[in-house]
Amino acid sequence: RTPASAKLAKVGGALRTLIMHGPNVPARRRLRLARTGVELVEVPLASDGRLRLRAVLRVLAQRDVVRLLVEGGARVHGAFLDSGLADRAAVFVAPRIVGDAEAIPLAAGQGRARIGEAWRLERPRARRFGGDLLVEGDLLRGRA
């Protein structure tokens with residue numbers, strides 16, 4: 001869905017943007033992005049129609065990527081948690097309470113039925129950044 005006009009596509013210099021996509025992306029759209037200097041890599045889709053995360057990580061490993069920061073929305077976070085591919089979390093918390101029952105969650109995945117099964121942060125560390133709080137730690141799957 002990244003448009004060819006996106007700033008991400010115009011990084012230039014020694015930095016290159018890598019966009020992974022499924023097999024259903026129209027050739028015209030791929031060509032427009034490729035003309036900007038973006039590197040495109042096709043990866044297979046999972047049964048839910050999203051990219052297979054393990055395939056994405058394999059492509060990155062082939063490019064000697066050994067550390068990856070995943071900054072995304074609730075569905076991306078949920079997909080990494082559900083697949084067990086996340087090993088660390090860094091969560092910024094703003095001192096605001098929205099109170100909206102329809103608010104987007106931090107991670108929209110399968111979730112856990114019991115709190116004892118939930119992901120937890122091992123050795124959590126908290127730091128202030130201005131008025132916000134950063135909570136980070138290693139992710140461990142809870143025990144039933």
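Is Phe129 buried, partly exposed or exposed? Phe129 counts as partly exposed, at 40% relative accessibility (buried is under 20% relative accessible area, exposed over 50%, partly exposed in between; 1.4 Å probe, protein chains only).

1. Basis. This is a predicted model: local features need pLDDT of at least 70, side-chain atom pairs count only at pLDDT 80 or more, and totals for chains, interfaces and linings use all residues. Residues are numbered from 1 along each chain as its sequence is written, and side-chain values use heavy atoms, with hydrogens and water left out.

2. Confidence. The protein chain has an average pLDDT of 90 (the predictor's confidence in each residue, from 0 to 100). A score of at least 70 is reached by 97% of the residues. Helices (H or I, at least four residues) and strands (E, at least two) are DSSP runs, numbered from the N terminus.

3. Aromatic pair. The count is one. Rings of Phe, Tyr and Trp (its six-membered ring) pair if their centres lie within 6.5 Å; planes under 30 degrees apart are stacked, over 60 edge-to-face, the rest tilted. Phe92 and Phe129 pair edge-to-face, with 5.7 Å between centres and 70° between planes. Phe92 sits in strand 3 (residues 88–93) and Phe129 in strand 4 (residues 119–129), so the pair ties together parts 37 residues apart in sequence. Phe92 counts as exposed, at 54% relative accessibility.

4. Loop residue. Leu68 lies in the loop between helix 2 (53–62) and helix 3 (74–82). Leu68 is partly exposed, at 43% relative accessibility.
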